Amino acid sequence: MKTKIFLLAAAVVMMAGCRMESDDVLNYAHQDELAFSKAESSYAAKFDVMWNGLNANYALWDYEAEHGLNWDKVYEEFRPRFVALDSSKTAVTDKQLNALLDSVIAPLHDGHLSVQLKNHATGKYVGSSPGALRLGRERVDEYLAIANTELNMNYYVKNGLLKEYIAKSSYTIQTVALASLKYIEEVVTRLEAIPESERTPEQNDTLALYTPIGMELSSALSLTLAGENQKAIEKYNIIAYKYQYLHIPYLEPVDPLINEYGLDITYALFKDNIAYLRFDGFKLSAYLEQEFIDLLFGGSSDATKALVKEVGDVWRAWFNAIQEHHKAGDLKGVIIDVRSNGGGFLNDSKFVLGALRQADESGGFHDCDARFKRGSGRFDYSPVMPQIMPVLDAEHVTVTAPVVVLCNCVSVSMAEHTSYGVKLFDNGKLVGTRTFGGFSALSDESTYSNNYAGYVGVMNVTPVFCYIPQEVAYILEKNSKGEKVVEGYGIEPDIEVALDAETFNKVGTDNQLDRALQYIRTGN
Amino acid sequence: MMSNVNSFSRVRRTLRVMVVLGMLLPGYAQAQWRLGVNGGGTLNHYSINKQYMTDYRYVDEWGGMAGVMTQYNFFDWLGLRAELNFVQRNYRHTRYEYADRLCVRYENNYLLLPVTVNFSFGGQKVRGFVNAGVYGGVWLNGKLGGTEKNSMGGGAIQFSESYAFNSQKDQRGDFGYTGGVGVEYRFHEHWMAQIEATCYYSVISSTKQYMDYQKDYRYNTTFGLQAGVAYVF
């Protein structure tokens, strides 16, 4: 008996310690000294943070693997090159680091992904995004044609083709600073025309003051050209507060928020009742949703609140024209122009396509499916779920006239959802060129714990920062490539028309818009 | 790669132990076959490193098991037993605070072949027994369902779908240790009934080590309570 017990006990002991321990994975989502300390002063450590952070947070690894990318091989190929930077005898330049970063992330498909590394040798940040690299590599001619063309309706206005036309911009720093600068230049020009001996002392004082103010304003405006809007606003506001006692027209402090949520928006009604809407970003909610307006602009000046209302009025004009003409039976069509629109709030859907249709059984409309990165393993994902876009709550008609969305290679994110969404309408058509390929929605850092995915680090703070969608969004039917994932590829138009930039810049006619008008008017 | 080599080393080591144990046995004097069926319930525990997802919960879940059994008794106190069992190794993935957004039940169906040494003790009619051994098996299929929420848009949804096996990530095969304690009742010369509490302790991760630079092991430990009848030849 003792022998039996001994043998049994020996067998049990053999079982002990047969399971392996998983590696511990750091959470790189926040500004965590433990996670980022080595990366402050080592290029190899920066690479480790970036590689491991993407490994755990990037939602498209299975898609990348299907397209030939082996993330482990990327580690083996590129880590030694970052190690070599650490032992470099000369200081690593920003250009060197940027080029290496480009090589690492160029093959990735996600259209929103961007990575930023701090070059500790120079103190500056370098950044890269596979979407921008792909655009530069594969569609540079189309992009340059668009970048050098400022789309507008001037031709259609001048030639009396429109019944109604309203355009508004809330990019205040540009408009207000330009207006006050223009006023100052007019005063200075007028005063300089007066011979010095004939000027009054007040006129000389004015000239002495206005000349440097004009130079300061020009300096602030030049920052906006460099894309440094926040610095431009700070500088401009210092000037406005410093000289407010002079009561110079238009020289009033600018609300930084109205610039952060700046919007160019245009409404036009063609003579045959085709309602056109163009806007450069999905930020309509900031001007149309009362809770957003109260939150963002509740403490703003009366001038800012008035501007918010004016911008909202442009959308309301478009919406009301659709309601009125649909009810009268003479709405010919609707055009939504999201060319060169970089996307924005998902909630804006209710003010665009969601303003043209009713909710389905989902409570909104089902425009794609989504799967979330969920778990620290590369292939850990949630189940695939429907993504429901909101529809306008207020009473509105269901538009049965043709609805056309215009798009191009820099229609991104929500602009792509709008581009795809119109294809799901029975009366919808997409006209233009294939979109950017950033269909999967981004999320705010505050929503990180929804799925424990989406961010690495903090922009301009941690030595590594990655801006990563938590999800991959799938179109509902396979495209011409036989795929439902359109990251890095984009939404294909129903009617393909490339912009004739040369004719637009010479004559002002917009061939893409004209093609949309042709489709609405002829069905072809 | 390294983890597969380690797993196979453990299998070889275990088999060597069993051969040695077998060689220590004296020659048998009374042999007896039995053939039976078993069925019962399982409670599975899924072991996973949650890492920084601190409010995630992996909750033990109930399932079922059923199968056939054969046993050869060398002596009245010692036998060798083999079973072929359908075993469910289920678990639930939820969150401490947001169960209304995430509560998904994973149902995993396995076919397991445990081979155990059976030690029994007691009288002629009622005997206690202990089984100890190893099992091999295969993951047949799986299903998941419950409540999910798209945090980008849409309310909570109820869903149910088959699990799509990922050949890069998911491990088809299973191996581990098994043991049980039970009671048998010989109610006829040729018939007996038994009730047994078992445990299947896997030593092969349910996920393959597909990441070269991150080891991620996940294991099932399944407790079962089964009852059965067997014909004694």
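1. In this predicted model, chain A is divided into domain 1 (26-134), domain 2 (141-170 + 261-356 + 396-439 + 486-522) and domain 3 (173-257).

2. The C-alpha centres of domain 2 and domain 3 of chain A are 34 Å apart, and the contact between these domains involves eight residues of domain 2 and four residues of domain 3. On the domain 2 side, α15 (290-297) and α16 (302-328) of chain A each contribute at least two of the residues that touch domain 3. By class, this side of domain 2 consists of four nonpolar and four polar residues, with no charged residues.

3. As for chain A as a whole, its C-alpha trace spans about 120 × 65 × 45 Å along the principal axes, and the chain holds 20 helices and 14 strands. Of its 524 residues, 44% are buried; among contacts between residues at least 6 apart in sequence, 73% join residues at least 24 apart.

4. The largest nonpolar core has 117 residues, of which A:A275, A:W318, A:L406, A:V456, A:V464 and A:C466 touch the most other members. Its largest share, nine residues, is supplied by α16(A), and the core takes at least three residues from each of domain 1 and domain 2 of chain A.

5. Leaving aside residues up to four places away in sequence, the contacts of A:V456 include A:Y28, A:A29, A:V49, A:G53 and A:N57, as well as A:V464, A:F465, A:C466 and A:I468.

Conventions. Residues are numbered from 1 along each chain as its sequence is written. Chains are lettered from A and ligands numbered from 1 in the order in which they are written. This is a predicted model: local features need pLDDT of at least 70, side-chain atom pairs count only at pLDDT 80 or more; totals for chains, interfaces and linings use all residues. Domain bounds come from an automatic or database domain assignment. Two residues are in contact if their C-beta atoms, placed from the backbone, lie within 7 Å. Helices (H or I, at least four residues) and strands (E, at least two) are DSSP runs, numbered from the N terminus. Ala, Val, Leu, Ile, Met, Phe, Trp, Tyr, Cys and Pro count as nonpolar, Asp, Glu, Lys and Arg as charged, and the others, Gly among them, as polar. A residue is buried if 20 or more other C-beta atoms lie within 10 Å of its own, exposed if 12 or fewer, and partly exposed in between; C-beta atoms are placed from the backbone. A nonpolar core is a set of buried Ala, Val, Leu, Ile, Met, Phe, Trp, Tyr and Cys residues joined through C-beta atoms within 7 Å.
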